[in-house]
Each structure stands twice: as structure tokens, then as C-alpha cells.
Amino acid sequence: MSGTPSVFLVDDDHDLRKAMRQTLELAGFAVSPFASATEVLAALTSDFGGVVVSDIRMPGMDGLALFRKIAELDPDLPVILMTGHGDIPMAVQAMQDGVYDFIAKPFAADRLVQSARRAEEKRRLIMENRALKRAAEAASDSLPLIGQTPAMERLRQTLKHIADTDVDVLVAGETGSGKEVVATLLHQWSRRRNGNFVALNCGALPETVIESELFGHEPGAFTGAVKKRIGRIEHASGGTLFLDEIEAMPPATQVKMLRVLEAREITPLGTNTVRPVDIRVVAAAKIDLGDPAQRGDFREDLYYRLNVVTLQIPPLRERREDIPLLFSHFLKRASERFGRDVPEISAAVRDHLMSHPWPGNVRELSHFAERVALGVEGNPGKAPVAPATASTGTLPERLERYEADILKEALTTHRGDVKETLQALGIPRKTFYDKLARHGINRADYVGRGREEG
């Protein structure tokens with residue numbers, strides 16, 4: 001679409017057509033004048049991004065017949081009709097049939113300009129929605145790293161280039177940026193695609209459990225080990241092992257993991273038997289492991305062993321041009337899952353998409369799309385507002401009610417996910433649960449479909 005709003009102006013009166021054209025052009029419109037309905041129909045296409053303004057009383061095909069023809073071509077194309085004959089029943093029927101506006105002559109110039117501006121804004125939103133839907137539908141399900149910015153193009157090309165090389169990969173990116181998506185694509189595009197893709201979040205397991213999860217154990221290896229368990233590493237043999245939040249891996253486990261990467265073999269707990277494994281390791285970190293200050297107690301030698309190839313996923317705020325396309329993709333997917341029609345993207349939602357910082361990145365955007373699909377978003381980007389009842393009571397009582405509202409809003413936003421809610425609120429886990437108990441809030445009421453506590 002052109003940056004200048006377009007109007008197709010139809011009137012058989014040459015002088016009046018000339019005057020209206022000047023009025024609209026002075027208001028910033030690009031005007032194409034036509035003397036008859038037949039002429040304008042020959043020039044119209046369904047991808048016309050502007051507005052049609054037409055007189056009703058014209059020889060041959062009148063304005064109402066023209067509107068019906070346009071509605072057959074594109075029912076969402078705004079048509080503004082004008083008449084010098086004040087026919088109220090005609091105007092009412094025309095509006096009911098879908099005419100955007102009905103203006104009775106004579107009219108003030110500003111009346112026409114304001115109507116054309118509102119109609120053009122509506123048309124622009126419709127055309128943007130259509131373009132986004134087409135782009136989202138064209139995005140293959142096998143390529144979920146949607147984006148047209150140079151950074152995303154380079155990332156996709158790098159993934160395709162290294163997928164079949166079997167090299168270990170370190171993926172760096174903020175929370176919710178799509179690190180597991182990258183790991184999954186590396187697996188799917190490699191010759192290991194028929195093997196297992198095994199994922200483990202190193203930050204979600206206590207130190208006493210992670211080694212058993214990774215390496216497996218024999219019966220009697222420790223209290224409670226009543227039967228043999230195949231570890232995640234061995235289960236991934238022939239496929240890909242994805243270690244998320246590897247910076248949270250305990251130091252003792254890091255030593256053993258370094259051995260796995262160097263020798264491609266494991267020794268399960270409770271046995272001295274060494275078992276070879278054929279794995280590709282994709283590790284992900286939320287911090288810069290190359291920075292000693294951020295790396296902390298993460299082993300430098302393990303970092304260098306993993307850092308054969310490092311992929312950096314840019315945060316959403318650094319690729320804002322991709323946000324509308326991503327949102328449209330998520331909105332379509334959410335609408336299908338919830339059995340709803342895909343809603344149009346309103347001006348308020350569009351402004352929020354481009355102004356919000358998206359600290360939760362793609363994951364936060366996906367959750368926002370789900371709320372829009374369900375029609376529960378309300379006013380995007382607004383902070384929770386204290387309810388009317390908060391204006392009564394003592395100051396501590398009001399603060400208690402407001403705090404409860406903030407907790408509920410955060411749980412709703414993150415669908416009951418504890419880890420994400422804690423990050424959003426910036427409070428310790430124990431404090432969070434203490435506050436839930438004090439306010440009588442049940443986290444389970446907010447857990448989204450398929451989501452569990454992180």
C-alpha cells in the first residue's frame with residue numbers, strides 16, 4: 001500500500017467532482033476522479049487500499065448499484081455515498097447493507113474529509129491484517145523461526161549450514177527468545193532426525209537429582225533407586241541432547257559432562273561400566289558464558305568445549321519489524337486451538353505490539369496472542385488498576401487489595417507459570433507462595449492448558 005491515502009471519486013457532475021477532488025487533495029488524499037460507475041469498476045481491484053466516494057444519482061448505473069458491485073468484489077472496501085435528495089429510508093437501508101457512510105448534499109467540506117479519513121483508516125487496518133495473515137499462512141510449520149529481518153535470515157541460513165555437521169552448539173538468548181526452537185530445528189534438519197530429541201532444563205532440577213537424570217543409575221545406586229534407569233544422555237544416543245539453562249548445572253555435574261563431550265561415553269551411577277553414546281549436544285544459556293563476570297562458577301573448559309559454534313538469538317525489541325508477522329502467526333494458531341474465528345488486529349493491539357518492550361520475547365508475544373484470540377486482553381499495555389473498592393478502608397487494607405490484583409494479573413499474564421511469574425514480579429519463590437496463601441489465591445486456577453509449574 002502507498003503511504004498516501006487513496007480515494008476513487010465518482011460523480012457525473014464535472015464541476016462538483018472537480019471541487020470535491022480539490023477538497024480531498026488539500027486534505028492529503030490521492031484522488032482518482034471518475035465520471036461514471038462503469039469507469040471506476042474497470043479500475044477497481046480487490047487489493048485497492050483506499051476508499052470509494054460516489055454520488056447516488058447518476059445516469060446508467062447509480063451509486064447503490066455500484067456499491068453492490070463493489071461488495072461482490074470486496075465486501076470490506078469502504079464506500080461512502082452522497083446524494084442531493086434527502087432520502088432517509090434510502091440512507092438507513094444503505095447503511096444496513098454495509099455502506100460505510102451516507103452524506104446528504106449540500107455538506108461542509110470537513111464532513112467529507114473526516115468520513116474519508118475514518119474509512120481509510122479502517123481500510124488500512126483491513127489490508128494490514130490481510131497481508132499479515134497471508135504471510136503467516138506462508139510461513140511453513142517446519143520453519144517456526146518466523147522473521148524477515150536480516151538477523152533472522154542469517155540465523156536460519158546458519159542453522160541450515162551447520163545442521164548436518166554434528167558439531168556441538170551453544171545457543172545464547174534471553175528468556176522466551178526461542179532457544180528450544182533452534183535446538184529442535186538443528187535436530188529436524190540433521191541426519192539425526194530419526195533419533196530422539198531429548199531436552200533437559202538444568203535449572204529446573206535439584207542437584208541431588210540431575211546426575212541421575214543425565215547419566216542414569218543401576219538398582220541400589222542410592223536410596224530409592226529400586227530399578228535401573230536409562231539417563232537422558234543415553235536415551236539421546238543417535239539423536240540430539242538439548243541442555244537448557246546449562247549455566248545452572250552444578251559444578252560436580254559439569255565435570256562429568258565435560259567427560260561426556262570429550263569421550264562420548266557415560267558411566268551410570270552405581271556401576272563402573274562405561275557405555276559409549278552417539279549424541280549431538282545443543283546447550284542453551286540465558287547469560288553470556290563468554291563473560292567471566294557472568295559465567296560465575298561455570299567451568300571455563302566446559303564453556304570452550306561447548307563453544308564450537310555459538311548462535312545468538314536476537315530479542316524481539318531488536319527485530320521489531322518481525323513482531324506483527326509473529327503475532328499474526330500465533331493469533332491464527334491460538335484461534336484454531338480455541339475454536340474461535342481469527343479476530344482482526346485492532347489499532348490498540350497494533351500500537352501495543354510495536355511499543356511494548358516484550359521482556360518475555362516470543363513466549364510473551366505468544367501468550368498475548370492467546371489472550372487476544374480469547375477476547376480477554378482488554379486494554380493492552382495498561383498496568384493493573386486498583387478497583388473501586390480500593391478507595392475504601394485503611395491504607396494497609398487498600399494496599400493489600402491492590403497487591404492481590406497485581407498477583408492475579410501476573411498469574412493471568414503468565415498462565416500460572418511460577419517461574420515466569422516470579423521473573424515478572426521480581427520476588428523470591430517463598431515470598432510469592434506466602435502472598436498467595438495470605439490473599440487466598442489458588443495458582444492452579446490460572447494454569448494454562450499444557451503448562452505446568454517451571
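**View 1. Strand β3 and its buried side chains in the predicted model.** V51, V53 and D55 point one way from β3, while V52 and S54 point the other way, and all of them are buried. In this predicted model, strand β3 covers residues 51–55, and because 5 of its 5 residues are buried, the strand is largely enclosed by the rest of the structure. In a regular strand the side chains alternate between the two faces of the sheet. On one side, strand β1 (residues 6–10) pairs with β3 in the parallel sense over 4 bridges, and L9 has V53 of β3 as its bridge partner. Strand β4 is also paired with β3 in the parallel sense, again over 4 bridges, with V52 standing opposite V79 in β4.

**View 2. The open sheet that contains β3.** The strands of this open sheet, 5 in number, follow the order β2-β1-β3-β4-β5 with parallel pairing. Its edge strands are β2 (30–34) and β5 (101–104), each of which pairs on one side only, and the twist from one strand to the next averages 20°. Strand β4 (residues 79–83) is joined to β5 by 4 bridges, and the two strands run parallel; within this pairing, M82 has I103 of β5 as its bridge partner. Strands of a sheet pair through backbone hydrogen bonds, either parallel or antiparallel.

View 3. The peptide bond that joins K105 and P106 is cis, with omega at about -5°. P106 is found in the loop between β5 and α5, the latter being residues 109–138.

**View 4. The open sheet with β7 and β12 at its edges.** Here 5 strands form an open sheet in the order β7-β8-β11-β6-β12, and the pairing is parallel. β7 and β12 (309–312) stand at the edges with a single partner strand each, so one side of each is left without a neighbour in the sheet. The twist averages 20° from one strand to the next. β6 pairs with strand β11 (residues 280–285) in the parallel sense over 4 bridges, and in this pairing L170 stands opposite A283 in β11.

View 5. Which residues of strand β7 (residues 197–201) lie on its covered face, and which on its uncovered one? The covered face carries V198 and L200, whereas F197, A199 and N201 belong to the uncovered face. Strand β8 (residues 240–244) pairs with β7 in the parallel sense over 5 bridges, and N201, a residue of the uncovered face, stands opposite D244 in β8.

View 6. The structure holds 7 aromatic pairs. Y303 and Y304 form a tilted aromatic pair, with 5.0 Å from centre to centre and 55° between the planes. Y303 is buried, because its relative accessible area of 10% falls under the 20% limit. Elsewhere, F8, F34 and F48 form one aromatic cluster; F34 belongs to the residue range of edge strand β2 (30–34), and F8 to that of strand β1 (residues 6–10).

**View 7. Lysine charges over aromatic rings.** K160 lies over the face of W189, at 5.8 Å from the ring centre.

View 8. D166 is not a glycine, yet its phi is positive, at about 65°. The residue is placed in the loop between α6 (150–162) and β6 (169–172), and with a relative accessible area of 27%, D166 is partly exposed. For R264, also a residue other than glycine, phi has a positive value near 55°.

**View 9. The whole chain, as context for the close-ups.** The protein chain has 18 helices and 12 strands, and buried residues make up 44% of its 454 residues. Among its contacts between residues at least 6 apart in sequence, 69% join residues at least 24 apart. The chain exposes about 22300 Å², of which carbon and sulfur atoms supply 52%.

Note on methods. Residues numbered from 1 in each chain as written. Predicted model: local features only at pLDDT ≥ 70, side-chain atom pairs only at ≥ 80, totals over all residues. Heavy atoms only, no water. Pairing = 2+ DSSP bridges. Axes fitted to C-alpha atoms, helices over the stretch in contact; angles between N-to-C directions. Buried < 20%, exposed > 50% of the residue type's maximum accessible area, 1.4 Å probe, protein only. Phe/Tyr/Trp six-rings, centres within 6.5 Å; stacked < 30°, edge-to-face > 60°. Lys NZ or Arg CZ within 6 Å of the ring centre and 35° of its normal. Contact = heavy atoms within 4.5 Å. Areas by Shrake-Rupley, 256 points an atom, 1.4 Å probe, with all protein chains shown as cover.
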